[in-house]
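Please look at the sequence and the structure below before reading the report.

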Amino acid sequence: MRDLNNKLISSKNTKNIQLRKAKSFGYQVLGFGAGSASVPLDVNYLVIAGGAAGGAGNAAGGGAGGYRNSFNSETSGGGGSSETNLTLSASTEYTITVGAGGAAVGGSATPGNDGTNSVISGSGITTITSIGGGGGAAASSGNRVGRDGGSGGGGHYSTVGGSGTANQGFDGGDGRAGSPYANGGGGGAGAVGANGSASGGGAGGNGVASTITGSSVTRAGGGGGGAYSSAAAGGSGGGGASSATTGNGVNGTTNTGSGGGGANTAADTSGAGGSGLVILRMATAIYSGTTSGSPSVSTSGTDTILTFTGSGSYTT
């Protein structure tokens with residue numbers, strides 16, 4: 001697996017400013033009154049990029065979007081260890097970008113579209129970027145190798161799957177050498193995509209579970225690879241299955257960053273990649289209440305959780 005350099009794209013919606021409330025737990029919240037004690041503005045995150053589409057016309061499964069997670073020593077994608085949480089600055093706006101899933105494709109030998117990046121950026125922090133999933137390969141010349149991404153797309157007949165990004169996702173599965181031309185499954189955040197075989201296309205790689213919202217949820221599964229014999233399952237966490245002989249591939253599940261399934265004929269459409277997700281979790285005592293982009297707000301114990309299913313911002 002290798003790191004990929006991608007251009008970051010940020011966007012901001014109209015601000016929706018809620019009433020700011022200072023919580024009192026034996027200290028003053030940072031920024032409220034001279035001489036207040038410095039309260040660390042520590043934030044945990046889960047950042048998942050958009051998953052990729054599967055290819056069309058006897059084609060492979062799409063890779064899951066890159067998966068980065070700092071909560072509770074849980075594993076990030078690609079077999080990496082948990083990442084360090086963010087320490088934000090007071091009275092600062094942080095931009096949240098949620099990546100879109102790769103659009104579905106149709107027609108003869110058409111590779112799947114990549115997913116797009118999800119990002120947390122702002123002053124005083126190292127930007128957190130999860131890389132969009134790599135599209136599934138197809139039979140046309142130059143498109144038979146799975147595309148690289150957060151997790152790699154599956155490969156076509158006799159070729160390899162795309163590479164995942166270190167500590168974000170896994171490689172796509174290889175296409176089968178021989179007839180029938182079974183394609184590899186897209187890589188998932190938790191496992192490589194399966195290779196195509198005599199029994200059919202490769203299943204998508206499994207996703208990874210996180211409890212950042214207060215319950216365990218698995219996300220970022222790879223899409224199943226197409227084959228003439230039978231459908232291949234998507235990986236756990238929302239990966240889309242491939243079509244069976246004829247029919248459309250299944251879409252990756254929305255806001256999981258999962259890959260879409262491959263389609264087998266030119267008359268069919270591949271599965272689209274699932275859109276990404278950004279979650280922030282912080283102590284309720286430091287939550288400012290100032291957001292844009294309308295994230296959902298929930299609580300778990302003494303923490304407040306912001307779930308962004310679209311781009312927006314958070315201001316400390």
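This report covers one asparagine and the aromatic pairs of a predicted model.

## Asparagine 72

Asparagine 72 sits in the loop that runs between β3 (67–69) and β4 (86–88). The relative accessible area of asparagine 72 is 53%, and because the cut-off for exposed is over 50%, this residue counts as exposed.

Leaving aside residues up to four places away in sequence, asparagine 72 touches Asn44 and Thr211. From asparagine 72 to asparagine 85 there are 13 residues in sequence, and the C-alpha to C-alpha distance in space is 9.7 Å.

## Aromatic pairs: tyrosine 157 and tyrosine 181

The model has 2 aromatic pairs. One of them joins tyrosine 157 and tyrosine 181; the pair is stacked, with 3.9 Å centre to centre and 25° between the planes. Tyrosine 157 and tyrosine 181 both lie in the loop between β7 (128–130) and β8 (208–210), 24 residues apart, and the pair links distant parts of the chain.

Tyrosine 157 has a relative accessible area of 29%, so it is partly exposed. Tyrosine 181 is also partly exposed, at 33% relative accessibility.

## Aromatic pairs: tyrosine 287 and tyrosine 314

Tyrosine 287 and tyrosine 314 form a stacked aromatic pair, 6.0 Å centre to centre and with 10° between the planes. This pair, too, links distant parts of the chain: tyrosine 287 is in the loop between β10 (277–283) and β11 (290–292), while tyrosine 314 belongs to strand β14 (residues 312–315), 27 residues apart.

Note on methods: Residues are numbered from 1 along each chain as its sequence is written. This is a predicted model: local features need pLDDT of at least 70, side-chain atom pairs count only at pLDDT 80 or more; totals for chains, interfaces and linings use all residues. Side-chain values use heavy atoms; hydrogens and water are left out. Helices (H or I, at least four residues) and strands (E, at least two) are DSSP runs, numbered from the N terminus. Buried means under 20% relative accessible area, exposed over 50%, partly exposed in between (1.4 Å probe, protein chains only). Contact means heavy atoms within 4.5 Å. Rings of Phe, Tyr and Trp (its six-membered ring) pair if their centres lie within 6.5 Å; planes under 30 degrees apart count as stacked, over 60 as edge-to-face and the rest as tilted.
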